[in-house]
Amino acid sequence: MRSFRNGNGNNALKMVILALFSFDKTSTASAFSICSVASRSSITTSSSSSSSSLQSSSSRSSSSSSSSISDWSKGLFPDMEALPDDPTAFRVGILGDLHIDPRNMVDYEEGRAHWIPLLQEAQAKHGNVAIVSLGDLGESKNCDHNPINPTELYAGTTLCHQVAADYLSSFVVTNDSDDNDDNDNNESSNDESSSNDESSSNDESSSSSSASTSIPYEVIGGNHDLEGIDEFDTDAANLQVFLDAHNKATPQFVREIADKTLLVGLGSTIFRDAKYTSHEVIIDDVQLAWFEQFLRDHPADDGWKVFVFTHAPPNGSGLRVLQENHVVNGCCWLNHSDDVKCRKFIDLVRQHRCIKAWFSGHFHLGQDYQDSITFPTIPKDEGPYPDRGSCVFAQTSVMRSGTSRDGRRQSRLLRGNADGFEICTVDHKKGGAVRLDATITYKDTGHEVGIYAHEDEAYGHDNYFKVYQPQPGDEGYICDPEEDAMCLINDDLYDLVTMETRLWWRLSSGRVLGVLNGMLLEYDGSTMAPLGLVVTSDELIGKVIAVVDSGVEECMIDFDNVGMEGADCEGGGMQEREQAVIIHDPEGNDISVIQPNEDGSYWRKIVRNKIARMKERRREKAAVSYAMEMLQQTEDEAKEKVLSTWGPYTSTVGNAL
């Protein structure tokens, strides 16, 4: 099919599972179907659970599919890709964060070997096949790749992108002679796509020989793909090398993988110029405007189905399997540090039901639990309506063992046709075994039924835990901002914060704070997704939290909404009670006031840019060398004596630098 591009221009294993609107894994039903790919015998299925159907509409009626479980497992339902030359059938291989280390390519070669038969099967059936890489292509450390600069990071360099491009274009499938006659139309269509001026030049890697075909690939930028800081002075120069290496005209991509079925990718384009942490995945304004217009031009009512790919997921996705360091550092979600732009993506999902699924990576965590996939809505007894349009969100793991944070090595397989789609796991630790994770069936252009295909397989791990569902009225909800002038978050002055404390509350300003894992976190007031760290566990455990009115009411006007520009408190504003969030240490009666940021948020937007931190470490290393040479100190002695200072400070902790 054709591909076209448009646009204008600290514990490594520790993770936070935010059970927002989640299923009770001990009782929630599951249904099973067959993901009929290379080998049915390798597919993990079970028929011991009942089913739960989810429908993305305001009525959200649930229907049982238990009667069909045995039919699926017996293969009585038609294969989504069974019909030859079906213009609506497609298959996509989705690769999570690669983080290629050129010194060790074994896992990548093994992963490619697992993918080849899966891609070849689809190529023979219909030819609507592609690979999508979710970015972060190179290892973020020195890989002995540049003898001239032994400290240079590999990620983001010209060499890194060349190696990644070579790897992504090496998924070559052979065309069986028996299938050649049956697939002449597909091959002819692919040839036309390659000659189209707007087509992806990645398609041009297809072999001219009838004996083999290189599967076309698409790629988006992650937070490490512009990390060539020693080679390039600017993000723009680094980005251009990324685009050139992968034959991309723009950071975003569009590929029509099948009839009225579009793959759309948005890439991170800011690293050096990041205001806060360089690990934030930032979709620039040009891409965002292009994406919004693109969705308007491809409405669901006209039959369009859009599958979106970004390195990090959007706020509001409902994904609950996160790394604690991403929460603490404020880089979980797309455009995380900007409140308005961060929520823009879920707003677009809610407005445009053509978006059927959204795939992301970033967290380096596996796919063995239902919390790595979320459906557009949930049963009424599981919580409030999450309002995720018609979109299924899916998290993607990693291929290489050295980059996995939970020991899993997995990729995603997306396959479907005009009737729906399936999301599967390709397990590289199990010889490429394919497991069905979820089946989504279209009811009409804006509604679908989703079924989880297996129970969770990961929650037995000691480093996983599950928390309450934050929602008004639940047992963790403390304080009514309209009624309580003072609220002790703890029950009393002797009920101190512990690692087991699970509480949350909403301030009069609408900001939401909560205690989890001994930390004070801020959550998004609309989606209840975590935004970032307010107070560390070291500072909070053993203390009391209170919210106290300062006695002042302020006029708050929502200028983010069109039409409110001229509003005042009588004409659309609200009276917000000014409140103080305080931490009381009963041992010494010390009291700390948690001051909000200038924009009203509370989470610490002070994680410094990686460029600055790397330069600081190099300067400190130079000081160590000086001490060793001039003062005859050992390296350990020198490191102990060397101290950095920033103006009057000797640490950046708590300072908004």
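**Close-up views of helix and strand packing**

**View 1. Contact between helices H7 and H9.** In this predicted model, Asp285, Leu288, Phe291, Glu292 and Leu295 of H7 meet Lys341, Lys344, Phe345 and Leu348 of H9. Sorted by class, this contact holds five nonpolar and four charged residues, with no polar ones. Helix H7 covers residues 285-297 and helix H9 covers residues 339-351; their axes come within 11 Å and cross at roughly 15°. Angles under 35 degrees count as roughly parallel, and H7 and H9 are therefore described as roughly parallel to each other. The crossing in which H7 passes H9 is left-handed.

**View 2. Contact between helices H3 and H6.** The axes of helix H3 (residues 158-168) and helix H6 (residues 235-245) come within 9 Å and cross at roughly 20°. This angle makes H3 roughly parallel to H6. H3 passes H6 in a right-handed crossing. On the H3 side, the residues in contact are Thr158, His161, Gln162 and Ala165, and these meet Val241, Phe242 and Ala245 of H6. By class, four nonpolar and three polar residues take part in the contact of H3 with H6, and no charged residues do.

**View 3. Strand E5 and its surroundings.** Strand E5 consists of residues 129-133, and five of the five are buried, so the strand is largely enclosed by the rest of the structure. Val129, Ile131 and Ser133 point one way from E5, whereas Ala130 and Val132 point the other way; all are buried.

**View 4. Pairing of strands E4 and E5.** Strand E4 (residues 90-95) is joined to E5 by five bridges, and the two strands run parallel.

**View 5. The open sheet E21-E22-E23-E24.** Four strands, in the order E21-E22-E23-E24, form an open sheet with antiparallel pairing. Its edge strands are E21 (503-506) and E24 (530-535), each of which pairs on one side only. From one strand to the next, the twist averages 25°.

**View 6. Pairing of strands E22 and E23.** Within the sheet, strand E22 (residues 512-516) and strand E23 (residues 519-523) run antiparallel and are joined by five bridges. For Val515, the bridge partner in E23 is Leu520.

Technical notes
Residues are numbered from 1 along each chain as its sequence is written. This is a predicted model: local features need pLDDT of at least 70, side-chain atom pairs count only at pLDDT 80 or more; totals for chains, interfaces and linings use all residues. Side-chain values use heavy atoms; hydrogens and water are left out. Axes are lines fitted to C-alpha atoms, for helices over the stretch in contact, and angles run from 0 to 180 degrees between N-to-C directions. Angles under 35 degrees count as roughly parallel, over 145 as roughly antiparallel, 65 to 115 as roughly perpendicular and the rest as oblique. A crossing is left-handed if the near helix is turned anticlockwise from the far one by less than a right angle, and right-handed if clockwise. Contact means heavy atoms within 4.5 Å. Ala, Val, Leu, Ile, Met, Phe, Trp, Tyr, Cys and Pro count as nonpolar, Asp, Glu, Lys and Arg as charged, and the others, Gly among them, as polar. Buried means under 20% relative accessible area, exposed over 50%, partly exposed in between (1.4 Å probe, protein chains only). Two strands pair if DSSP finds at least two bridges between them.
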